[in-house]
Amino acid sequence: MKNNNWYPWVVVGLLWVVALLNYMDRQMLSTMQEAMKIDISELNKAEAFGALMAVFLWIYGFMSPISGMIADRLNRKWLIVGSLFVWSTVTYLMGYADSFQELYWLRALMGISEALYIPSALSLIADWHQGKSRSLAIGIHMTGLYVDRQSVVSELQSQQHFHGIPLFIGSES
């Protein structure tokens, strides 16, 4: 199958779905702020909710270059699979979180696991797409990051309680 001309595009298509899930998982909490405040009273303070969002960004930012170094040394396919497994598990566990501290540490772990994805995915795409198709392949992959996922999370929120959304999204990842 790897010798077919269409296999590199299959790689892009699969990574597109993973990119969609990657960004859906990370932005899920910002959409669910009001529902979360009902269950976790600490989140009624803007500082606490800001800290919950910031811990992911700080760790993700710190880990991104480190993740690039890791992706240069290890099998990128398995890094992507491992990252997907960890962040899906973390998202699922968020559905069971009953305190700010639990959410905070899960969010930090999500920052580590999701930081492994982009360097690994872009490098893998570059391996499969050389020359004129590389930029198009990366551009198509990047659309997975920006698809209207907020409407999906908003729709789930309107039909479920806070704890059900991470359980659903985590199990779908």
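Modeller: Helices (H or I, at least four residues) and strands (E, at least two) are DSSP runs, numbered from the N terminus. The model is predicted, so local features need pLDDT of at least 70 and side-chain atom pairs count only at pLDDT 80 or more, while totals for chains, interfaces and linings use all residues. Residues are numbered from 1 along each chain as its sequence is written, and side-chain values use heavy atoms, with hydrogens and water left out.

Colleague: How many helices and strands does the protein chain have?

Modeller: The protein chain has 9 helices and 0 strands. Read from the N terminus, its elements run α-α-α-α-α-α-α-α-α.

Colleague: Where are α1 and α3 bent?

Modeller: The bend at a residue is the angle between axes fitted to the seven residues ending there and the seven starting there. Helix α1 has a kink of about 30 degrees, centred on Asp-25. Helix α3 bends by about 40 degrees at Ser-64, and the proline Pro-65 follows within four residues.

Colleague: What share of the protein chain is buried?

Modeller: A residue is buried under 20% relative accessible area, exposed over 50%, and partly exposed in between (1.4 Å probe, protein chains only). On this scale, 46% of the 173 residues in the protein chain are buried. Accessible areas come from the Shrake-Rupley method with a 1.4 Å probe, only the protein chains shown counting as cover for residues. The protein chain exposes about 9000 Å², of which carbon and sulfur atoms supply 64%.

Colleague: Which elements do the buried residues of α3 pack against?

Modeller: Contact means heavy atoms within 4.5 Å. The buried residues of α3 include Phe-49, Leu-52, Phe-56, Tyr-60 and Gly-68. They pack against α1, α2 (33-39), α4 (76-94), α5 (100-115) and α6 (117-128). In α5, the buried residues include Phe-100, Leu-103, Arg-107, Met-110 and Glu-114, and their cover includes α1, α2, α3, α4 and α6.

Colleague: Is Ser-113 buried or exposed, and which residues does Ser-113 touch?

Modeller: Ser-113, in helix α5, counts as buried because its relative accessible area is 4%. Leaving aside residues up to four places away in sequence, Ser-113 touches Ser-83, Val-86 and Trp-87.

Colleague: Which residues make the nonpolar surface patch?

Modeller: Patches are made of residues with over 30% relative accessible area and no salt bridge; like charges are joined within 9 Å, and nonpolar side chains (Val, Leu, Ile, Met, Phe, Trp, Tyr) within 5 Å. Phe-85, Val-86, Leu-109 and Ile-112 make a nonpolar patch of about 340 Å². Helices α4 and α5 each supply at least two residues of the patch. Leu-109, in α5, is partly exposed at 37% relative accessible area.

Colleague: How many salt bridges are counted?

Modeller: A salt bridge is a side-chain nitrogen of Lys or Arg within 4 Å of a carboxyl oxygen of Asp or Glu. The count comes to 2. Asp-127 forms one with Arg-76, the closest N and O atoms being 1.9 Å apart. This pair links distant parts of the chain, for Asp-127 is in helix α6 and Arg-76 in helix α4, 51 residues apart. Asp-127 is partly exposed, at 39%, whereas Arg-76 is buried, at 18%.

Colleague: Where do Glu-34 and Lys-37 lie?

Modeller: An α-helix has 3.6 residues a turn, so residues three or four places apart point the same way. Glu-34 and Lys-37 both lie in helix α2, 3 residues apart, about one turn of the helix. They form a salt bridge whose closest N and O atoms are 3.3 Å apart. Glu-34 is exposed, at 52% relative accessibility, whereas Lys-37 is buried, at 19%.
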